[in-house]
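I opened this structure to look at one helix and then at the chain as a whole. My notes follow in the order I looked things up.

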Amino acid sequence: MEYREMKNIGVSPSMLGFGCMRFPLKADGTIEETEAEQMIDKAIAEGVTYFDTAYPYHNGESETFVGRVLKKYPRSSFYLATKMPIWKVHSKEEAKEVLEEQMAKLQVDYVDFYLLHALNQERWKKVEETGILSLCEEWKAQGKIRYLGFSFHDEYAVFEKIVSSRKWDFCQIQYNYMDREEQAGDKGYALAEKLGIPMVVMEPVKGGLLGDLPEDLAAVLRKENPKASMASWALRWVGSHSNVKVILSGMSAYQQLLDNLETFSKFQPLSKEEEKAVEQVADGIKKRVKNGCTGCEYCMPCPFGVDIPRNFSIWNEYAMYGNKERAKQRYRMTEEKAKANQCQKCGKCETVCPQALSIRKDLEQAAKELGDLEQDE
């Protein structure tokens, strides 16, 4: 197993972090605990030391399950990460109650890596107004948490503001070879590196999309290495950035764990030739985009209830990655009144679209393609 040092705090967790948000599930949606426990046991046996959970994962059951399984192992043998649900707490008192609940569920006296969860501009404002940061500093002094950081979901300007606001022990962003200009992205990575803040990366395989590429694009990578999985390419791209210290993988099957262990047991950064191959794949994916919708929502609300950005998000993602089941599931989860086929072609949306998209024409095409997909059994 590869380990990378976080020099500012003097610890070296495993480069592969076990993300505890996507455990295998039973038919009723609860955690398939037998298989999930076997996966954790195997990960530990192979040298994984970083386990990442959070208050809402698996409807609140992830922390309880993780705590029970890790109780079998010496507390000093692993690093445990969990997160404060900022959307749920409105005062220091509520924050204290949440931490106490988390530590009870996890069956620990301290949390190694504690994150302010999914910060954006609104939640950061709440953190500042409620004084939660000073409370976290108290917890560090008391030994309840060892290292303080945050996970992030917003635009770069917000990331810059948050990451520069104090001397964070670490930070966590979404980062992969397709999201270099999304959220914090490349600029966020560079800024954190400049500030000496080590990074934990989530969504390195973009929710699994980069692990199952369209055949013609997968062939580009197989030409370089016929035996390597598509997921391993995505993980190696992230790991080729030296300030990325932990790469989280939300593994939902034992085979995924084995594949990840193979990648990190003999980790190799991408060569120049391999980097070019990944860039070729990324360009190929981008060229499949149906339209340039950025999700800015200037077109919303639609007078007839159509969720224009969501329809285009599903349509574009399906065109880019070819993942039929994911597209079908996302479209079926869209309210009927919000689907593309409900467009009445009034044109109001087109008068305010910054990209000057032909929204009515595109919605008609999206309705046809996604509707056909939804009917396809």
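Predicted model: local features only at pLDDT ≥ 70, side-chain atom pairs only at ≥ 80, totals over all residues.

I found A95, V98, L99, Q102, M103, K105 and L106 buried in α3. Looking down the axis of α3, I saw that its buried residues fall within an arc of 160°, so they line one face of the helix.

Next I asked what covers the buried residues of α3. I listed α2 (62–70), β3 (79–84), β4 (111–119) and α5 (132–142) among the elements that cover them.

Just after α3, I noted a positive phi of about 60° at Q107.

Last, I looked at the whole chain. I counted 14 helices and eight strands. The radius of gyration is 22 Å, close to the 21 Å that the globule rule gives for 377 residues, so I recorded the chain as being as compact as a globular protein of that length. The C-alpha trace spans about 60 × 50 × 45 Å along its principal axes.

For burial across the chain, I wrote down 52% of the 377 residues. Of the contacts with a separation of 6 or more, 74% join residues 24 or more positions apart. I put the accessible surface at about 17,600 Å², with 46% of it belonging to carbon and sulfur atoms.

Note on methods:
Residues numbered from 1 in each chain as written. Heavy atoms only, no water. Buried < 20%, exposed > 50% of the residue type's maximum accessible area, 1.4 Å probe, protein only. Helix = DSSP H or I, 4+ residues; strand = E, 2+ residues; numbered from the N terminus. Arc of directions from axis to C-beta. Contact = heavy atoms within 4.5 Å. Rg over C-alpha atoms; globule rule 2.2 N^0.38 Å. Areas by Shrake-Rupley, 256 points an atom, 1.4 Å probe, with all protein chains shown as cover.
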